[in-house]
Structure formats: structure tokens, C-alpha cells
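Please keep the sequence and the model in view while reading.

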Amino acid sequence: MSRLQNKKRHLNVLTNSHSPIAEAYRSLRTNIDFSSVDEKTQVIMVTSAGPEEGKSTVISNLAVTYAQDERKVLLIDADMRKPTGHRTFQLSNRAGLSSVLSHQSDLEEVIQETEVSNLYVLTAGPIPPNPSEMLNSKRMGSMMQLLREQFDIILIDTPPVLAVTDAQLIASNSDGVLLVIHSGKVKKDIAIKAKENLLRVNARMLGVILNNVKRKASEEYYYYYYGS
Ligand SMILES: Nc1ncnc2c1ncn2[C@@H]1O[C@H](COP(=O)(O)OP(=O)(O)O)[C@@H](O)[C@H]1O
Ligand SMILES: [Mg+2]
């Protein structure tokens, strides 16, 4: 079990790689690496039951943590409804995933380098009217196959499971799922429903990250990771 503290919307693991937060993300990475012996875990999606539970925060910090381990990492912002990846890494979002899936751009043109070495980002692109349809397309499948050849680790940010079908569609292109649960916000039965929806599409649950667990009044905003 690891503890990840995160107070502001900056990348904690970047600002201080010796902090307990950075250490906690490293142990999350190790937990994921050791979660599978028989199956490879190259494409990992992060989701949650509802909005604002910390999906994008967790995935960004985790992406940096993998990149710091000398692995070539791609972060895909597949939350085409509320994209944030471009802001987190200060990138352009004029073209991105939606542009590739709608045949307006080539993949190579839109994958952007970040300030973090080994870390690349495919931003969400302009918000399309039909994200679910795009994510369910053949082009999405072939794009993922290409990317698997080019990157060691691919992390996919998604919209909430209970809001739209997007996360379930993305699960079929992923090797494993991390479920972020905002403990103060989300009731247990809602979180269980989110997990059930993912299991229904045969997603492999890698673990649950409990965000914002309050232990004492002085200790806010902790994450706890539980392997499944
Ligand atoms: N552990 C945390 N402590 C404090 N603020 C957090 C924490 N996790 C997320 N936040 C903040 O909550 C907001 C929503 O987080 P975000 O990662 O964007 O959620 P999601 O992607 O699930 O919608 C952001 O402003 C983010 O900075
Ligand atoms: Mg988000």
C-alpha cells in the first residue's frame, strides 16, 4: 500500500523526485509491473465512476514516473469530453486523438514531445460530436496496434465510467485498468457499479487508487493503492 499526496494541480513527481509522493508513485509503478506474470501490461487505462475524482492527476504523475524509469511513454488523452492533458503538459490541442480518428491528421504529426524526456502526449484534439463512435472505430484499434510497436508503455486517460460508454470501449484496447475512487465524493455502491461495468467488458482490473482519504484532520489528500 502506498501513499500519494497531491495538493495542487502541478506534477508532484516532477517538482521533487525525492518526495514521499514521488516515492509512492514509484511503488505504484512497481506494483503494476509485478501485477502480471503471464500477461503483458503495456497499455493501461485510468478511469473512475464519476468526474473530478483525480483520473488525470494520477495518470499524469504516473506517466512521468514511468518516463523517469527510462521507458518510452505515451500518454493518450482519450477524455474527449473534458480534456486536460494539453494543459497539464502545456501543449497545443489544435490536433490530437479526435483528428487522427476522423482521418484529419496522421498519428506522427500529432504526437507531441514534452519537457520530460521519454514522455510523449497525444492530446484529445478538438472536441468531436461523437466521441464514443470514434473510440469504437476500426481506426482506433489499428492506431493502438501501431502505437504498441512504438512505445514501451501507453497510458490512456478516459471519461467517467458511469457517465458514458467511452471508458468501456477503451478497455477493450487496454491490457489493464486502474480505477481511481474519490473516497469523500463517491459512495461505495457507485464505485462497485463502475467496477462491474468494467468487468462486464472483460477489463482486467489492475487495482484501485483511493484518492483523498483523510486519516487525520492534518492529513488531507492521500491516495492509497490496493492491488486487486
Ligand atoms: N489528491 C488530490 N488532492 C488535491 N487535489 C486533487 C487531488 N486529486 C485531484 N485533485 C484536483 O481535483 C481536480 C480534479 O482532478 P482531475 O485529476 O482533473 O480529475 P478527473 O480527471 O477525474 O476529472 C483538479 O483540480 C485536481 O488538481
Ligand atoms: Mg480528467
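## Aromatic pair and salt bridges

One aromatic pair turns up in a search of the whole structure. Rings of Phe, Tyr and Trp (its six-membered ring) pair if their centres lie within 6.5 Å; planes under 30 degrees apart count as stacked, over 60 as edge-to-face and the rest as tilted. The partners are Tyr120 and Phe151: the ring centres are 5.7 Å apart and the planes stand at 65°, so the pair is edge-to-face. Helices (H or I, at least four residues) and strands (E, at least two) are DSSP runs, numbered from the N terminus.

This is a predicted model: local features need pLDDT of at least 70, side-chain atom pairs count only at pLDDT 80 or more, and totals for chains, interfaces and linings use all residues. Residues are numbered from 1 along each chain as its sequence is written, chains are lettered from A and ligands numbered from 1 in the order in which they are written, and side-chain values use heavy atoms, with hydrogens and water left out.

Tyr120 has a relative accessible area of 21%, so Tyr120 is partly exposed. Phe151 has 6%, so Phe151 is buried.

Lys72 lies over the face of Tyr120, 5.5 Å from the ring centre. Lys72 also lies over the face of Phe151, at 4.8 Å from that ring centre. The criterion: NZ of Lys or CZ of Arg within 6 Å of the ring centre and within 35 degrees of the ring normal.

How many salt bridges does a search of the whole structure find? It finds six. The term means a side-chain nitrogen of Lys or Arg within 4 Å of a carboxyl oxygen of Asp or Glu. Three of these bridges are listed here, among them Asp33 with Arg71.

| Salt bridge | N to O distance |
|---|---|
| Asp33 and Arg71 | 2.8 Å |
| Glu52 and Lys82 | 3.6 Å |
| Arg81 and Asp166 | 2.9 Å |

Take Asp33 and Arg71, which meet in a salt bridge. Asp33 lies in helix H2 (residues 20–33) and Arg71 in the loop between helix H3 (55–67) and strand S3 (73–77), so the pair ties together parts 38 residues apart in sequence. Asp33 is partly exposed at 32% relative accessible area. Arg71 is buried at 18%.

Glu52 and Lys82 form another bridge. Glu52 is in the loop between strand S2 (43–48) and H3, Lys82 in the loop between S3 and helix H4 (85–88), so parts 30 residues apart in sequence are tied together. Both residues are exposed.

Arg81 and Asp166 also meet in a salt bridge. Arg81 is in the loop between S3 and H4, and Asp166 is in helix H9 (residues 166–171), 85 residues apart. Arg81 is partly exposed at 33%, whereas Asp166 is buried at 0%. Shared partners join Asp33, Asp69 and Arg71 into one salt-bridge network.

## Whole protein

The protein has 10 helices and nine strands. It has 228 residues, and 57% of them count as buried.

Conventions:
Buried means under 20% relative accessible area, exposed over 50%, partly exposed in between (1.4 Å probe, protein chains only).
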